[in-house]
Structures are given as structure tokens and as C-alpha cells.
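Subject: Structure handover

Hello,

Here is the structure for you to look at. My notes follow below it.

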Amino acid sequence: MKRYRAAIPILVLAGMLALTFLASLPERVEAVAKTDNYILLYNQQTKIDKNALTKNGNKIIFDLSQAKVMVVRSNNPNELKKVPGVIGLAKDKRSVRLPGNEVKNITTVPQTKAAAAQCASVETSCPLQWDLARINVPQAWKTTQGSKAVRVAVVDTGVNSSHDALGSNYDKASSRSFVQPDADCPQEVDASNPEDQQGHGTWVATHIGGRNGTLMTGIAPNTTLVGIRVLNACGYGYDSWILAGLMYASTINVDIINMSLGGYVCAEGIVPESYYCNNAESVGDSQTVWKTYTQIVKFLMERGTLIIAAAGNDHVRLDREGHVAGPSSVAFAAPMNHPANNLYGLSAVPAGIPGVITVAATNRITAKGGPDETLYGQYGENLKDQLSYYSNFGRRIDVSAPGGSVNYNIPPFDCKSTECSRLRYTSMANADNPGDFGAWGVDANGNPCATCYAFAIGTSMAAPQVAGVAALALAAHPNMTAKELSAWLKKSVTRFLNKNETPSAAEDPASPHYNYDMDYGTPGIPTYEEMGKGVIDAAKAVAAK
């Protein structure tokens, strides 16, 4: 990939639903200033005076000055606002975390790196990886399995470097943690360690570039992988951690960044009809946070790094600018009609940021259940490539990819049978798992695990499929710029196998499902208007231009 880089000094170098509700929204502005971290956004023409920042006991935490951003610890934010060139100041908050509504089923499967058997080839994908078969990875492998010269960073919970599914292509020496100790996460063992303490980042990394083993393979196993840990063991991260991790990626010549994380901010300012953004106190400094992410993404893109992000798992409609365009979600805050389920007025980070490739999730096939297995019936029975019940959608979506779903593709709280909510296979031989199969970095107790795997669903599982395909595409077309790669991925798609029948969340106040559940009995979300250009296709991505 063509790139233009400069040295970036780094001085110090997001059962989740309830936590997501608390951690991924704008925080209220505190009346009394205390010592906190603050994000400073500068005018692009400003020469940053670091001496001015460190007077009166202030401390630089992250030096992101190449992108005209600094993170400073201070007890006097009003003083920071007066620093020459500063156009925005935001208290460092937990805007981003792992997407909510993700479901996983962890299993332990003994396997060794010495095993000679490989389950994938140019003819077939591994039996449990229906997702790789759907996006034509075996066909793409006839052209390339990736290149060591292509570097992909997984900005996530870290990577378990001892996992059986990880190969020698993992660049442990370049991997870093930007997590800092936080009193709200006692599960955190060592914030400075880039190893995965949550499990999620290992799944993502190995799906992009894991080795071809006996159970699974990565999409681009010859690609160089780097782990950048920005989410702690509790699955959340402060904005400064994420921004510093992104900027670090640029210093080590990363070509592609995967961000299977997200949150929401009040990017549009005060929106009177919004539950979350209806007054100045609620909005706070959210607009500065949005502008800072936008500035960092633009900086990376101009220097040759493309970001691919999960769309989010709240089943909300995102307009072209990444703003939530409807009044309902699928149980964002609670599985009942509750005003906090209404995300209207919020904007998705990083999924809504300009320049990011935003990925929605599709299922394998919607199995048909019996009349007594669901509370309200079904939609899309026996159809493939249906929008997963949890996936965000809308004009902001660039492409879709298999993120999996429960067997009947309805919210689990609408299921009355285990078959309805099944993620695993009925038998290993059948390999009929509706969830995406992959490596998991910890066991069910949160301990590091080298032989743990999981059947998981979420846009977190869809995004790395696009990142893996992007790595293959760049191996086949090494002279592409980040902008050219972005455009190429949007063209490298196949048509959805069936018209989508997954409806939106109920938006009619008269509906018994209003504001928290699917709008059963209504037409499906438009397939090509609100699910992207199509389903990502690896074979098309490596084809000659």
C-alpha cells in the first residue's frame, strides 16, 4: 500500500448488555473539577507548545500531536481551554466498549501447534467455518493467502499469544497495551500487558489471520498480525486509550485496522427529542469527542491505513452520517418498553466516523421452528443472508458479512426453546452451527486458555471477515492506497442469496413490541438500501482489477 508517514511521538504507550448501557453513553458534566484526563483538539495549523501544557502540574499522558491531539492530566480544565490553538476540550470518558447483545458459547477443544492436519484448502473451508465458505475464501486462496508485508492491527481486548489458533505471523514484539488501571474493573490483572484478558480480541485476530489448523483457519494466514489492546478485562476503554492505540498503529506501518468495538456520542449536539442528548448538560463535550475521532481517522487514512469497524449490535438504523435515525432499538437498555432504549440523537463511534468501512452482520440460514418455540412467531424462515436480529443497519453500512445469529434469528428473549437460541452444532459431523466458530482467548472463568473456542455472534464477528478479505486484497494488489482499497472492498461483494425479511425494531407506539423488540409481521429492512453493497467476497477482492 502506498503510504506517507512521519514519526509520531508516543509518551505513554472498547451478559455485556447492562454494562454497555452504563459505559457507552455520554457522561454528565461534573460541577466540580477534579484531576482527570482531558483530550485536547487543536487547530490543524497550530504548532503545539508542550511546555504550555505541563505548567501548573499538568501531565501529558498521550502525545498524539502529529494529528493535532493531546491527552493531558489536569485539575484545571478551564486553564487547558485557554492554551493557544485548542479548539476543543473533552474529559476522557468511556465512550467505547465491546458491542452489546453479543452471545458466545465457549468450549475447550484440545489441539496442539504441532498438529500437521489442516482443515482448510483451496477447495474447501474448515467444516465449522461456514462463514468463510460463504465469502469464498477457498477460491481466493488459489490466488493468495496473504502477505507478510501486509500488516493488520486488531484494536481490541488484546490477543492471547499462546493460543493454538495463532501462528508465527503474530508480531508479539510490536503488540502493545494502552489500557490503564481503572477502579471500576477489578478483573484487570495487568493493564500494561497486551495479552487478552477477555477473550474477544483473540477471536477477532485469529479470524483475520490465524493459522490453518485442525479446527479453524484465519482468512489471510500469511498476513502479519499486531495486537493493540485498548479495552480492559471488563470490555470497555476510555477514548484516550482508543485514540492512542490508533495513532500507535500508524507508527508501525499498519495497513488495516479492525475495530470490533463501539459506542455512541451526542455528535449532533442538542436534539430536543432525544432521551440522551436533549440538553447542554447531556451533550457535554461529545461533539469534541466526535471531531477528535474524525480527525484521527482522517490522519490515518491520509497515511495509508484503512479502518474497518463493526456496525453495532443494537438493531438501530444509522443514516449516511452515522447518526441514529429511529426511535427504537432491540433492548439496548432493557427487554421492555423503556425510554432508555431510544437512541435517537446519538451517533455511532467508530462506525459512523467518515472514512471507516462499516460492516453489518448476516446469518447463515433462518431455521423454521414450531408454533410453541417462539413467543411471537418468526420471519425469513429457511432464507439465507438475512440481517442478523441484532445488527445495526441503514445507509451508513458499506458491506455486510456473516456475523451469525441464533438458530431462529430472533432475540433470545423471544425464544421458548433451546433450539431457537442454539449457537452450536447439533453434532460435530453435521457442522450445522448457526454461530460463527472461532478461537477464544480465555475460558469460562476468565483465565487465559490456549485451547478454548467459541460459537459467537455479533457485528464483531462480521468486521474481521472484511478485514481479512482486505488483507488478501492488498496482498494481491500491493500498490493500492487506503482510499483505493476502501473503494475496492465496496465493489468486492456478491448479491445477498435471499431478499431480507428481518424487520426493524418496532417504532409504532401502538405496537406491543414498541421500543424494545422486533416489529413482527412487517416488511423486512430493504436489502441493498440499508445492508450495504452486498456480502463481502474474498475471491472478487483478489481478482485482477
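Leaving aside its neighbours within four places in sequence, which residues is I256 in contact with? They are V150, R151, V152, A153, T305, L306, I308, A467, A470, A471 and L485. Contact means heavy atoms within 4.5 Å.

Some ground rules. This is a predicted model: local features need pLDDT of at least 70, side-chain atom pairs count only at pLDDT 80 or more, and totals for chains, interfaces and linings use all residues. Residues are numbered from 1 along each chain as its sequence is written, and side-chain values use heavy atoms, with hydrogens and water left out.

The cores. I256 is among the residues that touch the most other members of the largest nonpolar core, which has 81 residues. Such a core is a set of buried Ala, Val, Leu, Ile, Met, Phe, Trp, Tyr and Cys residues joined through side-chain atoms within 4.5 Å; buried means under 20% relative accessible area (1.4 Å probe, protein chains only). Helix α10 (residues 459-476) gives the most to this core, with 10 residues. Another core, of 52 residues, lies apart from it and includes A67 and L246.

The sheet. Four strands form an open sheet in the order β2-β3-β1-β4, with antiparallel pairing. Strands are DSSP E runs of at least two residues, helices H or I runs of at least four, numbered from the N terminus; strands pair if DSSP finds at least two bridges between them. β1 (residues 36-42) and β3 (residues 69-74) pair over 6 bridges. Y38 has V72 in β3 as its bridge partner.

Regards

Methods
Buried means under 20% relative accessible area, exposed over 50%, partly exposed in between (1.4 Å probe, protein chains only).
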